Amino acid sequence: MSGSTDMEVQCNADSPQPAAPKAWMRNILERSGPFCLPDFDHTPGLLHGLLGQCRVLVVGAGGLGCELLKDLALMGFTQLDVIDMDTIELSNLNRQFLFRRKDIGSPKAEVAANYINSRIPGVSVTPHFCKIQDKDEDFYRQFHVVVCGLDSVPARRWINGMLFSLLEYDDDDNTNLNTMIPLVDGGTEGLKGNARVIMPGMTACIECTLGLYPPQVTYPLCTIANTPRLPEHCIEYVKIIQWPKENPFQGEIDGDDPAHLCWIHEKSVERASHFGISGVDYKLVQGVVKNIIPAVASTNASIAAVCASEVFKLATSVCKPLNDYVGLNQSDGVYTFAYSNMKNEDCLVCARKVNVLKIKGEAKLEELLSTLCQDNGARMKNPALTANINGKQTTLYLSTVPSIEKSTRPNLKKSLIELGLINGNEIIVADETTPLPVTFKLQLN
């Protein structure tokens, strides 16, 4: 946080103000204590008013997001925004308590915002029914804290990259703290969960610590398009390439629509048969398309409470924030632990250095793509590559546009040398895991 002074300057004077502070809030905010930070000011009413001026963005309105909105609103935060691209499904209702059966099919962000606004006086929750990638830098720059309740590692990486892209530096390359927006991230899986606080430019970031997350089940597009070997490859091909091309139901895939799943199943079986692959069944199709992650309501509540407490600390300086990771395991009793992550000196996002990619010059372009997608590499999902070759900006491979994918597909079987790349060439890589392209300098062996 840039401090109370900056927040007071940036706040909207017409923003809703919280009701009179509750007794528990006065006990915390209107007297000093041994854990308060040096800039903590316990002037009566000051920090409670500050909570009403602090703008917080909640990313995700699912199991964690519903809990976060409730916790933050009841803590005294009145300027909340929530962004989510999903609509409510029947399976959500057992743990996403802001939704009812009548809300099925409606946008999660809008229903969650309306519910909080109607139940907690003085709170203004603004919904954004869209992808996080649909918003630009100016949108994210207006918030003082961003708190995530996501079930997607690529989405976490994108938000992480966005907040780091907002950082500004002085002539001595020191971070301008007024441009730093803290990121509080929570995650759950079954009876396990975690929360962390990331201070961009100061602490380890999401990209630094990708090893904390289980390897994502992803397949390089060149493999699923040209040399499928697994039943999952066939399903992913239909999902990523064939569906957008044929557009059978005039829209995006709905993992809960049997007609959509049956179509994907039929086409996947056809492709698997063509390549002599067995094992494609309806259950596998459903699992690949929906990427189901188990969720337990009590775990969501616990992790959301930790995240909301960290946002409260960041906004008020009432206590030093978490440094920087805490885990919760309830699968065998209740166990929790906390530790600080080390920054990765070679991090693609926060290291502020040239990214070197070591690879053999005889390697095929598809090998380079595979390297970028590997768990011990950049862990990208669907990279698009361009490079300056002989003074001309050249697209080496792009999968998201069918016509360009078809024209650049032959490059996959060519070596880097055949493509005209030399030692020291820079390759620009765009991927859904990062808001900005990443530049790699080739070091050909």
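**View 1. Pairing of Ala 387 with Ile 427 in the predicted model.** Ala 387 has Ile 427 of strand β12 as its bridge partner. Strands β10 (residues 384-389) and β12 (residues 426-430) run antiparallel and are joined by four bridges.

**View 2. The open five-stranded sheet and helix α13.** Five strands form an open sheet with mixed pairing, in the order β9-β13-β12-β10-β11. The edges are taken by β9 (355-359) and β11 (392-397); each has a single partner strand, so one side of each is left without a neighbour in the sheet. From one strand to the next, the twist averages 35 degrees. Helix α13 (residues 365-373) packs on this sheet and touches β9, β10, β11, β12 and β13 (438-444). The direction of helix α13 makes about 130 degrees with that of β9.

**View 3. Strand β7 and its pairing with β6 and β8.** Strand β7 (residues 325-329) is largely enclosed by the rest of the structure, because four of its five residues are buried. Five bridges pair β7 with strand β6 (residues 192-198) in the antiparallel sense, and Asn 194 stands opposite Gly 327 of β7. The pairing of β7 with β8 is also antiparallel, over five bridges; here Thr 336 in β8 is the bridge partner of Leu 328. In the hairpin of β7 and β8, five residues lie between the strands, and Gly 333 takes a positive phi near 80 degrees.

**View 4. A nonpolar surface patch that includes Phe 337.** Phe 337 belongs to strand β8 (residues 335-339). With a relative accessible area of 33%, Phe 337 is partly exposed.

Note on methods:
Residues numbered from 1 in each chain as written. Predicted model: local features only at pLDDT ≥ 70, side-chain atom pairs only at ≥ 80, totals over all residues. Heavy atoms only, no water. Patch = residues over 30% accessible without salt bridge, like charges linked within 9 Å, V, L, I, M, F, W, Y side chains within 5 Å. Areas by Shrake-Rupley, 256 points an atom, 1.4 Å probe, with all protein chains shown as cover. Salt bridge = Lys/Arg side-chain N within 4 Å of Asp/Glu carboxyl O. Helix = DSSP H or I, 4+ residues; strand = E, 2+ residues; numbered from the N terminus. Buried < 20%, exposed > 50% of the residue type's maximum accessible area, 1.4 Å probe, protein only. Pairing = 2+ DSSP bridges. Axes fitted to C-alpha atoms, helices over the stretch in contact; angles between N-to-C directions. Contact = heavy atoms within 4.5 Å.
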